[in-house]
Amino acid sequence: MILLKLKSAQPLAFFAGQFVNLRHGEVIRSYSIANIPNSNHELVFHIRVLPNGKFSCFVADELQVGMPLEFSHAQGNCHYVEGKSEQPLLLIGTGTGLAPLYGILCDALENHKHQGEIHLFHGSRDESGLYFENELRELENRHANFHYTPCLSAEGNDEKYTQGRVNQIALQQFPKLEGWRVYLCGQSEMVLQTKRQAYLQGASLQQIYADAFSS
Ligand SMILES: Cc1cc2nc3c(=O)[nH]c(=O)nc-3n(C[C@H](O)[C@H](O)[C@H](O)COP(=O)(O)OP(=O)(O)OC[C@H]3O[C@@H](n4cnc5c(N)ncnc54)[C@H](O)[C@@H]3O)c2cc1C
């Protein structure tokens, strides 16, 4: 994962968790904003480098500090919504699906002092796909209402991690989702399956926010 930080030339209105389209020549790709708005007009992205990925390899191999990069306005409704501070939140993400979830989490805890329970489940096949464990453990220590569960789906991983598919683990732990707000980000199939299952377990469709990272 590459942590990419951009400084916007002009102030940009956005909510953490929304996405922008970054452009390099003819290649345009969407990336989620992983930070809350700040006075430096800084935007933070978590970019997974794919083998032969046109944009992600450009970021890994060619992008230099100081190079200008074009990007669109912020889009999408996958962000924290003010108003129901007591509502429990369930955040499920795979890989760099953590980017919008981390932004949403910081917005909820630091900006809005969200009071309800917040459960973040981050999944990957193996340890190489997990990141920000220290940052998330630190948030967990500072906020009694925040709970973080890293999950690994391949066999033979370190037993300190919860074993299994992140969406199955989360939905088994919380079988009744009536009244919850649910955020789902990352691998498309996981997002679509989990959206359906969360609805079947009682979450209202208006309370399910999802970003499927299809290319
Ligand atoms: C709303 C939205 C938000 C997104 N946010 C993020 C983000 O925060 N961080 C992030 O890393 N990505 C994010 N993505 C995915 C991102 O837009 C690109 O699709 C991804 O980075 C691949 O682009 P690329 O040009 O490097 O690879 P491409 O040149 O498009 O593809 C290279 C190869 O990888 C395969 N591939 C493409 N995408 C994936 C994938 N997701 N998983 C596995 N194989 C794939 C392709 O089929 C192809 O074989 C988001 C997508 C959407 C729609």
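Predicted model: local features only at pLDDT ≥ 70, side-chain atom pairs only at ≥ 80, totals over all residues.

Biologist: Why is the pair Arg 142 and Glu 110 called a salt bridge?

Modeller: The closest N and O atoms of Arg 142 and Glu 110 are 3.3 Å apart. The cut-off is within 4 Å, between a side-chain nitrogen of Lys or Arg and a carboxyl oxygen of Asp or Glu, so the pair qualifies.

Biologist: What makes it a link between distant parts of the chain?

Modeller: Arg 142 sits in helix α3 (residues 133-142), and Glu 110 in helix α2 (residues 98-111). The two residues are 32 residues apart.

Biologist: How many salt bridges does the rule count?

Modeller: Two. Across the interface of domain 1 and domain 2 it finds zero.

Biologist: Where do the two domains lie in the chain?

Modeller: Domain 1 covers 2-71 and domain 2 covers 89-212. Their centres, over C-alpha atoms, are 23 Å apart. Domain 1 brings 12 residues to the contact, domain 2 brings 13.

Biologist: What do domain 1 and domain 2 bury between them?

Modeller: About 910 Å², with 67% of it on carbon and sulfur atoms. On the domain 1 side, Ala 34, Ile 36 and His 46 supply 52% of the area buried against domain 2, more than any other three residues.

Biologist: Which polar contacts cross that interface?

Modeller: One residue pair is in polar contact there, both at pLDDT 80 or more. By class, the domain 1 side touching domain 2 has seven nonpolar, four polar and one charged residues.

Biologist: How many helices and strands does the protein have?

Modeller: Five helices and 11 strands.

Biologist: Why is the protein called as compact as a globular protein of its length?

Modeller: Its radius of gyration is 17 Å, and the globule rule gives 17 Å for 215 residues. The two values are close, so the description holds. The C-alpha atoms fill a box of roughly 45 × 40 × 30 Å along the principal axes.

Technical notes:
Residues numbered from 1 in each chain as written. Heavy atoms only, no water. Domains from an automatic or database assignment. Contact = heavy atoms within 4.5 Å. Buried area = accessible area lost by both parts, 1.4 Å probe. Polar contact = N/O pair within 3.5 Å; in protein donor to acceptor, adjacent residues only side chain to side chain. Nonpolar A, V, L, I, M, F, W, Y, C, P; charged D, E, K, R; others polar. Helix = DSSP H or I, 4+ residues; strand = E, 2+ residues; numbered from the N terminus. Rg over C-alpha atoms; globule rule 2.2 N^0.38 Å.
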